[in-house]
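This report looks at selected local features of one protein model. Please view the sequence and structure first.

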Amino acid sequence: MWDKRYSTDDFAYGTEPNDFLRESMELLPVGDALCLGEGEGRNAVFLAEHGHTVTALDASAVGLEKAKRLAVEKNVTVGIAHADLADYKMEPNRWDGIVSIFCHLPPSLRKKVHRDIFQSLRPNGVFILEAYTPAQLKHGTGGPINAAMMMSLADLRDELAGLELIVGREVTRDVNEGAFHNGSGATVQIIARKS
């Protein structure tokens with residue numbers, strides 16, 4: 001599915017970073033950052049422009065090729081990790097920041113990935129997430145069509161146990177990120193730090 005979505009010349013979700021990431025990035029320690037489900041690279045490139053050493057991880061080789069192209073256009077370097085999160089092994093104490101923007105996974109895999117994030121962050125490392133909540137189904141402006149793939153603040157509090165929640169909220173906001181996220185959206189936003 002993702003290779004097909006990314007196979008056009010246009011960027012499916014645009015080339016600008018996610019608004020919540022842009023607003024929150026001052027809380028992300030400058031250092032090694034991992035972007036999960038990064039697709040065509042817009043968020044990774046943005047972080048690289050602000051001094052981070054970034055790795056963009058995605059299962060779509062087509063998306064990652066576009067991420068490389070975007071990095072060249074913006075004159076930054078972004079590392080590429082072509083992997084499915086079901087198989088990717090997160091190294092302990094590896095990352096200063098981990099970013100997950102609209103990376104929707106089946107619940108069992110999502111719980112595993114979120115447990116791994118705690119282990120993989122360095123002390124004082126920060127995790128930033130924005131995802132659609134089940135309330136997004138009534139908006140129909142992007143995201144999965146299956147509520148089980150979406151996230152709630154209550155679920156994330158449990159899944160991210162051990163991390164200090166700096167920001168944790170569910171909001172309805174305008175999401176204007178390319179052709180596939182366009183309009184009013186019900187999202188959950190998280191900024192969490194490892195002590």
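## Charges over rings

In this predicted model, the charged end of arginine 94 lies over the ring of tryptophan 95, 4.0 Å from the ring centre. A second case involves lysine 66. Its charged end is placed over the ring of phenylalanine 11, at 4.9 Å from the centre.

Searching the whole structure gives 2 aromatic pairs.

## Helix α4

Lysine 66 leads on to helix α4, where it is among the buried residues. The helix covers residues 61–73, 13 residues in total. From first C-alpha to last, α4 reaches 18 Å. That is close to the 18 Å expected at 1.5 Å a residue.

Which residues of α4 are buried? They are Gly63, Leu64, Lys66, Ala67, Leu70 and Ala71. Viewed down the axis of α4, these buried residues fall within an arc of 155°, so they line one face of the helix. Val72 and Glu73, on the other side of α4, are exposed. The buried residues pack against three elements: α3 (42–49), β2 (53–58) and β3 (78–82).

## After the helix: asparagine 75

Asparagine 75 follows α4. This residue belongs to the loop between α4 and β3. Is asparagine 75 buried or exposed? Its relative accessibility is 70%, so asparagine 75 counts as exposed.

The backbone deserves a look here. Phi of asparagine 75 is positive, near 60°, in a residue other than glycine.

## Strand β5

Asparagine 124 is another residue with a positive phi, about 70°, although it is not a glycine. Asparagine 124 sits in strand β5. The strand runs over residues 121–132 and also holds leucine 129.

Leucine 129 has 0% relative accessibility and therefore counts as buried. What does leucine 129 contact, leaving aside its neighbours within four places in sequence? The partners are Phe20, Ser100, His114, Met151, Leu156, Val188, Gln189 and Ile190.

## Recap

Two contrasts are worth checking in the viewer. In α4, the buried residues line one face, whereas Val72 and Glu73 are exposed on the other side.

Key:
Residues numbered from 1 in each chain as written. Predicted model: local features only at pLDDT ≥ 70, side-chain atom pairs only at ≥ 80, totals over all residues. Heavy atoms only, no water. Helix = DSSP H or I, 4+ residues; strand = E, 2+ residues; numbered from the N terminus. Expected span 1.5 Å × (residues − 1). Buried < 20%, exposed > 50% of the residue type's maximum accessible area, 1.4 Å probe, protein only. Arc of directions from axis to C-beta. Contact = heavy atoms within 4.5 Å. Phe/Tyr/Trp six-rings, centres within 6.5 Å; stacked < 30°, edge-to-face > 60°. Lys NZ or Arg CZ within 6 Å of the ring centre and 35° of its normal.
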